[in-house]
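Walk me through this protein model, please.

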Amino acid sequence: MRELMLVRHGETEWSRSGRHTGLTDIPLTPEGEAQAKAVADLLAGHEFGLALISPLTRARHTAELAGITGGRLEPDLVEWDYGGYEGITTNEIRETVPGWFLWRDGVIPGDAEHPGESITDVGRRVDRVLDRVRPVLERGEDAVLVAHGHLLRVLTARWLGLPPEDGRLFRLETARLSTLGYEREQPVLLGWNVT
């Protein structure tokens, strides 16, 4: 089929409350676990030539509950490092930076564990992932990535030949399946936010 399936991790306490969750390693909520199990039905019968999973717990547990086996941990699939905005909601950020918009304004440096990352850096990481995926698809096999909302949005933009900041155009909910593929040799979006 030559499809690249994207799975965003299930709900966490921070995703439910709208906190920016980059490198903080927090677990799924019970609802997030149920969401991840529902993804298994969507993936039933699919065989993957490559399965790459973010090493963060919320993505690994989602992959496990979704029935994805034989996956490899891929550090380039961790979420955007939000730096000083880690754990803070957009409304809280806008109290001190009116009109702040992640895709335009980026992040501020944080502590040693959350130094922050530019959107260009995120774009470079997803380009490396896509370089690993394309040969699998060219062999006629499918691939699956289990990762995070903003990271997968940037990856989708890059798949389509768009700049990383155009990830803003692809809202992605928790534990949803999205599919990238081809129309002939042209990279296209085949499905988005499927439950």
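Beyond its neighbours within four places in sequence, Gly-22 is in contact (heavy atoms within 4.5 Å) with Leu-56, Arg-58, Glu-79, Trp-80, Tyr-82 and Glu-86. The model is predicted: local features need pLDDT of at least 70, side-chain atom pairs count only at pLDDT 80 or more, and totals for chains, interfaces and linings use all residues. Residues are numbered from 1 along each chain as its sequence is written, and side-chain values use heavy atoms, with hydrogens and water left out.

Gly-22 lies in the loop between α1 (13-17) and α2 (30-43). Helices here are DSSP runs of H or I, at least four residues, and strands are runs of E, at least two, numbered from the N terminus. Gly-22 counts as buried because its relative accessible area is 0%; the cut-off is under 20%, with a 1.4 Å probe and protein chains only.

Asp-81 sits in the loop between β3 (72-73) and α4 (90-96). Asp-81 is buried too, yet has no salt bridge (a side-chain nitrogen of Lys or Arg within 4 Å of a carboxyl oxygen of Asp or Glu). The nearest side chain of opposite charge, Arg-125, is 7.9 Å away. Instead, the Asp-81 side chain reaches the backbone nitrogen of Gly-116 at 3.0 Å. Contacts of Asp-81 outside four places in sequence include Leu-23, Val-107 and His-114.

Arg-125 belongs to α6, where it is among the residues that meet α7. Helices α6 (residues 119-138) and α7 (residues 149-159) pack at about 60°, axes 9 Å apart. Axes are lines fitted to C-alpha atoms over the stretch in contact, and angles run from 0 to 180 degrees between N-to-C directions.

Definitions and conventions: Buried < 20%, exposed > 50% of the residue type's maximum accessible area, 1.4 Å probe, protein only. Lys, Arg positive; Asp, Glu negative; His and termini not counted. Polar contact = N/O pair within 3.5 Å; in protein donor to acceptor, adjacent residues only side chain to side chain.
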